[in-house]
Amino acid sequence: MSLHPTLQPYADAWTHSIEAISELVEPLAEADWNGRTPCPGWSVRDIVSHVIGLDCEMYGDPRPIHTLPRDLFHVTNDLQRYMEMQVDVRRHHTAPEMTSELEYTVIRRNRQLRNESRQPTTMVRGPLGTELTLEESMRLHAFNVWVHEQDLRAALGRPGNLDSPGAHIARDALLAELPAVVAEKADAPRSSAVVFDVHGPIEFLRTIRVDIQGRGTLETAPALGPAAAFTLDWETYVRLACGRVTAEAVADRVKAEGEPELTAAVLRNFAVTR
């Protein structure tokens, strides 16, 4: 095994999620591929196309040369246009074409991971010509593929894997965004604390403390007399943080206590990815 130990958890999480996706879509009838998912603007086929495209690019394949139609109303910025290219180029592919390409892509990527000998700090290509470390790239990819596995499960009525290896990577990725959500986007008061109590397949209690300069930090210690406190289940946390639902749509699953304007601001800005 040549893969660096630091990278192994991300490879394991990707493997677990991609195999789950393959199992979910293999038996689907042609019509099922057009079903809507919680990911805005994307069908089941689109999600799988996106995952295939991501892995093809991580393998090193060139991006497709393709002109996007102008009526894709869910595409509003450069990053979305970048991501949509791999999706739109496959929009007319049949179910057998999709499952065959997914299987072939997984085989190639598994071979690549088995032979991966680069260091975690190696710089690699990212979206829109950016560069990031191999570790960052693999962590982000494991997170993305798990989130899209959950999109497919929601669309197909097949819940599961909310505590899988990818789920734990998603937890850490989403928690890393919480200080910015609370301190910057929601503009929580300085010298205050906001608590998040999450239960379900993955459980955690985290506090965001905002210092006198208005900077937020993530802590595991509970806070006495927080400015706001939220209690919700892990699945709802993920759906909110990934922009799959609005706070109004899951109001019955979120208990928010504290200053109403602050709790509303936090929930309004909770989505960190879409």
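These legends go with close-up views of a predicted model. Local features need pLDDT of at least 70 and side-chain atom pairs 80 or more, while totals for chains, interfaces and linings use all residues. Residues are numbered from 1 along each chain as its sequence is written, and side-chain values use heavy atoms, leaving out hydrogens and water.

**View A. The open sheet has five strands in the order 5-4-3-6-7**. Helices (H or I, at least four residues) and strands (E, at least two) are DSSP runs numbered from the N terminus, and two strands pair if DSSP finds at least two bridges between them. Pairing here is mixed. Strand 5 and strand 7 (254-258) sit at the edges with a single partner strand each, so one side of each has no neighbour in the sheet.

**View B. Strand 4 and strand 5 make a hairpin**. Strand 4 (residues 204-210) runs antiparallel to strand 5 (residues 216-219), with four bridges joining them. Look for Ile208, whose bridge partner in strand 5 is Leu218. Five residues lie between the two strands, and Gly214 in the turn has a positive phi of about 85 degrees.

**View C. Strand 3 and strand 6 pair in the parallel sense**. Six bridges link strand 3 (residues 192-199) with strand 6 (residues 228-233). Here Phe196 stands opposite Phe230 of strand 6.
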